[in-house]
Amino acid sequence: METGIITERLATGEPRVLSNQLAPRRSLVEQAEKLDKLLRAEVQELETSLVARDLLPDEVPPEGAKLPRGDVRLWHATGTGLRMIAERHGFGGARERRWLWEAIYNLHATSRIKRAERGRNRNHFEYCFRLGKIPLRLAERIKWSEWVYFFDSTSIRGETRADEWLQGVLAKHERVTRQRFRNFSERLNDRIRRLDTSVLSREELYALYDEAWASTEQKAGFVQTTAARD
Amino acid sequence: MTDDATPVTSPDVNWGAFLDQAVREYNTDPALGLAHGLQKEAIQNSHGAKDRQSKVQWSCRFRLLDSQKGTLLSITDEGTYGLTGTSTKGVKDRPVSFPASERFARFESMFDSGGDEGPGLFGRGKLIFNACSDERLIFYDSLTRDGLYRFGKRHIKGRVCEQYLNAFEGEAARTRLREELGGALQPLTTPGTRITIVRPVKEVLDAIRSGEFLTSIGDTWWEIIQKEDAEITVSGLSGPVTHACVPENFGGLPKVSRNKWRVYRTDNATIEVGDLRYKVKHLHVLIPPQGHKLREEQLGVFVHRRGMQVGRLLVAGVPEEVADRLFGYIQLDEAFEDVLSASENLTHYGFSHTKRPEFRALRKWVQEHFNGFMDSIGLGRRTDQNARARESAEEANAALNGILKDLGVPSLGTGRETRRDFSVSIENLEFAHNNNLVKTGDTLEGFLFRVANHTSGQKDVMVEVTTNREDGTVIETILPKVLLRLQSGQSKPTAPLRVQFAAGAYRSGEKVTCAAIVRGLDGQVLARRSFFVYVDTTPPLPGPDLAEIELTEYEFPKEDSKRVNFGQSILGLTYLLHNRTPLRMSVRVRISTFWAEEGMELDEVFHQDIVLGPYGSIDCRVEEVKVTEERYGEVRRGKIKLRCAATGLETTGLWEKGRRLAEKTTVFYLEMDPSYGLFEDTALVPMGPGEPRSKASATAGTKSWKLDINSNHPAFIDADPDDEARVEYIFEESARQAAFVLLTRDQGAVLLKILGLDPRTEIDEMDPESILRNLAYPFTDRILAKYYG
């Protein structure tokens, strides 16, 4: 991120600008206003493309209307679009991405792609973003609610290597049942609750995930015939 | 003589201690320090004596000057009555209270205020002049309209307060002035009063030199400066005379919204309290444009009395996005000012009797208008249950804190942890058997203890190392007492030590402690550190705490506050990490900050891989934690956690790689003040209906306390819908838990003192029934009586 981003506007129209760089406020606001215009157009374009693909309704639901939960196809496409926006404007870090999601939620997205705020740590757009990195054919092997359950796990939230590992597992299984996936998430949380996984190598981390996955296979009465990952 | 002719005396007053107490009050929140208090009290006295008939315009001048007695600070007013009336020294039948016209007598006595005209209420402010003198010495001279000139002094020396038996008058007064001050000051020629502080304290000198003194006058007295064009000046030993003015960042106090200022103003409103009607002359709330800077002490809505800014009125639900720039004031008619003054605290910086009907009526009225204002500009407050409870808790906490302070309860909740003055660590300890098993005849050698001084001065300490049995008996002295002289921040090792586990002295199968004890020269234990060995027997597994982290040093920007503003830093942050196992411990130490509300990491300020020997310790120091807008801007204001964590980097027989071995969390507050009360946080927690109504618990790793209110308890459910009932409910629970917190925090002596019980009472030896009946219940009752009284 090379400039500031407007994450909200007060009733007066004054922008609230966040930036990870020191710069005079005036120039920061000017740059942020430019970015704001681009984001508005890009998010609009994203929603239009989702409508064109029959993933979103034409009409924006009225305020307060109950919104459909959405499925993996919708949120995967949303995440792919959001990823492109983030990359285009250099929102690479988790912190800067958080600001981007806040800006899109507060200022640019319609209720069609927004979902209830559940705190900055459990951000819907961040979940879409993570999902968008996984090939759709694999992502579809578990339901959106399971993905949310997975991303919600405290042991997974800050660990993006978990997504790669899961991708490997999904490549080996045509379909993963809801119960098994939830059992796995619970086991994994229990196993690594007291650990700081950031000090573990990829191999060490995957070994822990494999262990939790294998224990749910045994519990489900399966016979493990393949490794959970390549 | 009493009525029954028994000889009596008036008790001795320890004036020095009394003055110390006054200083503490001015240095305690919500007061803003001695220098701020000096200008407030001095102008309050002076403006209260303003002579409205005088042809001379009222003015007040603060002036530093050199003299044979050192630097003087003279505070001279004009356009006042001067100290009128007769000198009553030596008069036996003095009245209970001197009439307002007896200004000289009132000034020379204590607890008589300036009368009923100015903002002075208690007569206590006069003490501040002596408190601001390094010698605790002041002179005063006064000229009245009828030409009477007087000169007097007040000098507090230890337990004694010296004043002339009879103040000098006329020519004698002029002569005495010259004798005392050697021509540095000339006798007054226009009616008024001058107070001269001999050798002002550094805080006051610094404030005058930096301009802070002048700024605080503007903040406090802008109303009379604006309305009366009042002239208040400050001059240093050199440089120009500076005039106090309405703070520039008030932007001219616009009356309507314009130029991105959002303004609410209402005039001449009536508030009914019972059968009485009072008038609010003005309520004026202003929100400047974003980016507009206000100082911390300017934020909030203040009550004014007689032209003086008194204290902040707690207004609930100030939206975070404007909390750093919302300010305002309330001006009342004189009748309302007078009745409300009964709710003020002793230093006139806040309110401690917030249950009085007039205060509550005003607060309710202001809150309603404030809510309307916020709604009108799209910043209306959230109305969910938790938000309401938070606001009620804020109000209840403010009331509780005021009452506890009045009762003399020390502030526990400022949250500054008690830093250890000394620490001891172990170095170079190696076991032969990869655990803490020793065999009879084995020798442990080469290890040592290191003692560190974390205080700000040089200290002499004695260190002794012994081996001990489980019952505490000493087996042998490994290192006889040695004296270590430690400079501030310095650490020194003992000599390398040696223990031989000889048969006879050390018994097979026993656990032996090797302990270093650090004592002051008075024998008081200052720190200790120990490790264990097991003789000829397999050691049990260590407890769950395999490592420990201590926060040993840090410096927040402001003494006694955990507030940190943008652009400020926490300096010299030092953690001491201890390995509490007999194994080598390879760890990654990370020190990071987290946004408490969101649980998100904001900044990593330290990251290092470290190896600790068996029972070894090491310092991890961060010179500066900068709180910048780039790093913390998204938080705006709120609680930040500062966490030091150690994670194992190798799997051993006692832990696996990745295990969080130890953690230490403390907090600071970004752009906001902590509650400064007993409870740093109050939250609604859904417990069972039959579970306790509330629970107080210490916040891990800090000195703060948290109060959980059971939101499912039928009594809370009953009170919740009504704002007032909810505040009272939370207050009563807070009061009930206050006794528990004090007892848990070893503050039983405070309870004994407040309740007038024998201070020698051993609370530890009291049975539970007595603690409840004689301490907890009466203490709670005392708080509630003050709240509802």
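Two residues are in contact here if their C-beta atoms, placed from the backbone, lie within 7 Å. By that criterion, Arg136(B) touches Leu19(B), Asn130(B), His155(B) and Ile156(B), leaving aside residues up to four places away in sequence. The model is predicted, so that local features need pLDDT of at least 70 and side-chain atom pairs count only at pLDDT 80 or more, whereas totals for chains, interfaces and linings use all residues. Residues are numbered from 1 along each chain as its sequence is written, while chains are lettered from A and ligands numbered from 1 in the order in which they are written.

**Chain B and its interface with chain A**

- The secondary structure of chain B comprises 15 helices and 34 strands, where helices (H or I, at least four residues) and strands (E, at least two) are DSSP runs numbered from the N terminus.
- Of the 789 residues in chain B, 41% are buried, a residue being buried if 20 or more other C-beta atoms, placed from the backbone, lie within 10 Å of its own, exposed if 12 or fewer, and partly exposed in between.
- Among contacts in chain B with a separation of 6 or more, 69% join residues 24 or more positions apart.
- At the interface, 22 residues of chain B are in contact with 21 residues of chain A.

**The surroundings of Arg136(B)**

- Arg136(B) lies in the loop between helix H4 (127-131) and strand S3 (137-143) of chain B, and it counts as buried because it has 23 C-beta neighbours inside 10 Å.
- Lys157(B) is 21 residues from Arg136(B) in sequence, and their C-alpha atoms are 7.4 Å apart in space.

**Strand pairing in chain B**

- An open sheet of 3 strands with mixed pairing has the order S32-S34-S33 in chain B, two strands being paired if DSSP finds at least two bridges between them.
- Its edge strands, each pairing on one side only, are S32 (679-685) and S33 (694-698) of chain B, and the twist averages 20° from one strand to the next.
- S33(B) and S34 (residues 705-710) of chain B pair in the antiparallel sense over 5 bridges, with Ser697(B) standing opposite Lys706(B) in S34(B).
- Elsewhere, S27 (residues 585-595) and S30 (residues 638-648) of chain B pair in the antiparallel sense over 9 bridges, and the bridge partner of Val587(B) in S30(B) is Gly648(B).
- S30(B) is also joined by 10 bridges to S31 (residues 660-670) of chain B, the two running antiparallel, and Gly638(B) has Leu670(B) as its bridge partner in S31(B).

- In helix H6 (residues 144-152) of chain A, Trp144(A), Trp147(A), Phe150(A) and Phe151(A) are buried.
- Seen down the axis of H6(A), these buried residues fall within an arc of 115°, so they line one face of the helix; the arc is that of the directions from the helix axis to the C-beta atoms.
- The buried residues of H6(A) pack against helices H2 (72-88), H4 (124-131), H7 (154-157) and H9 (178-192) of chain A.
- In chain B, Leu34(B), Ala35(B) and Leu38(B) in H2(B) meet Glu203(B), Val204(B) and Ala207(B) in H6(B), and the residues of this contact divide into 5 nonpolar, no polar and 1 charged.

Technical notes:
Axes fitted to C-alpha atoms, helices over the stretch in contact; angles between N-to-C directions. Nonpolar A, V, L, I, M, F, W, Y, C, P; charged D, E, K, R; others polar.
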